[in-house]
Amino acid sequence: MMEVEIRVDLTLRDFFRFQVTSTIRQCTVWMFIAFAVSGISYLKVYFSGENEISYLLMGVFFMGVLLFFPYLWFWISRTQKRQTVAFNRPITYRISEEALSVESHHGTVVIPWADVFSRTEDKHAFYVYISSMQGYILPKRCFTREQGRETRRILKSSVREKKYITLRIFVILLSVGLLFFSLLTLVLGNR
């Protein structure tokens with residue numbers, strides 16, 4: 001049982017990836033509900049014959065949603081990086097069987113694994129969440145291969161993982177939904 005210690009200089013890209021991962025974890029279900037409700041509303045209006053639906057307006061709405069999230073992720077990431085002094089200086093993480101220790105120029109915080117909300121991992125980093133939207137970023141570029149394996153082992157044995165879909169799957173599902181919605185519009189539009 002070894003303790004893993006890494007020194008991290010967090011970048012804007014680290015914050016951006018964290019925002020994307022966190023938002024997808026939280027918003028996936030809500031996005032699909034929004035598409036389902038808008039689709040049902042669309043069909044109701046279409047079949048009632050009461051109103052003409054503006055396809056341009058719907059297209060602008062969906063493109064706005066698709067463009068809004070990346071801008072929001074970048075803006076939040078940039079704001080966090082600028083406003084949080086601790087993140088603009090090197091941070092030392094110590095990962096042990098008992099806790100995650102975070103040391104910055106402000107001092108040291110020790111978070112026992114029992115107090116950790118969840119964890120997740122992608123190809124760029126380990127994310128240790130202390131609440132549903134707050135967490136620590138442990139970039140994999142800062143680990144040696146052995147440290148990465150040991151960190152993964154410690155996290156798996158100490159913190160429950162919540163399974164979420166990845167960005168790639170999210171984009172694929174969103175694209176399939178928009179394609180289905182477009183085809184439905186074309187088919188019903190030629191009725």
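Modeller: Let's start with a term: a residue counts as buried under 20% relative accessible area, as exposed over 50%, and as partly exposed in between. Keep in mind that this model is predicted.

Biologist: Okay, let me try that out. Is Arg141 buried, exposed or partly exposed?

Modeller: Arg141 has a relative accessibility of 48%, so it counts as partly exposed.

Biologist: And how do I read a salt bridge? Which residue does Arg141 meet in one?

Modeller: You look for a side-chain nitrogen of Lys or Arg within 4 Å of a carboxyl oxygen of Asp or Glu. Here, the side chain of Arg141 pairs with that of Asp14, at 2.8 Å from N to O. Arg141 sits in the loop between strand S7 (135–139) and helix H3 (145–158), while Asp14 belongs to helix H1 (residues 12–48), so this bridge ties together parts that are 127 residues apart in sequence.

Biologist: Is Asp14 buried or exposed?

Modeller: Asp14 is buried, as its relative accessible area comes to 5%.

Biologist: Which residues are linked in a network of salt bridges?

Modeller: Look for Glu5, Arg94 and Glu103, which are linked that way. Within that group, the side chains of Glu103 and Arg94 meet at 2.8 Å, N to O. Glu103 is partly exposed at 29% relative accessible area, and Arg94 is partly exposed at 21%.

Biologist: Now the rings. How many aromatic pairs are there?

Modeller: A search of the whole structure turns up 4. In one of these, Phe18 and Tyr127 have their centres 5.8 Å apart and their planes at 45 degrees, which makes the pair tilted. Phe18 is in helix H1 and Tyr127 in strand S6 (residues 125–129), 109 residues apart, so the pair links distant parts of the chain. Phe18 is buried at 5% relative accessibility, and Tyr127 is buried with a relative accessible area of 1%.

Biologist: What about Phe18 and Tyr129: is that pair stacked or tilted?

Modeller: Planes under 30 degrees apart count as stacked. The rings of Phe18 and Tyr129 have planes at 20 degrees and centres 5.6 Å apart, so they are stacked. This pair also links distant parts of the chain, helix H1 and strand S6, with the two residues 111 apart. Tyr129 is buried, at 0% relative accessible area.

Biologist: So what do the ring pairs make of Phe18, Tyr127 and Tyr129?

Modeller: A cluster, joined up by those ring pairs.

Conventions: Residues are numbered from 1 along each chain as its sequence is written. This is a predicted model: local features need pLDDT of at least 70, side-chain atom pairs count only at pLDDT 80 or more; totals for chains, interfaces and linings use all residues. Side-chain values use heavy atoms; hydrogens and water are left out. Helices (H or I, at least four residues) and strands (E, at least two) are DSSP runs, numbered from the N terminus. Buried means under 20% relative accessible area, exposed over 50%, partly exposed in between (1.4 Å probe, protein chains only). Rings of Phe, Tyr and Trp (its six-membered ring) pair if their centres lie within 6.5 Å; planes under 30 degrees apart count as stacked, over 60 as edge-to-face and the rest as tilted.
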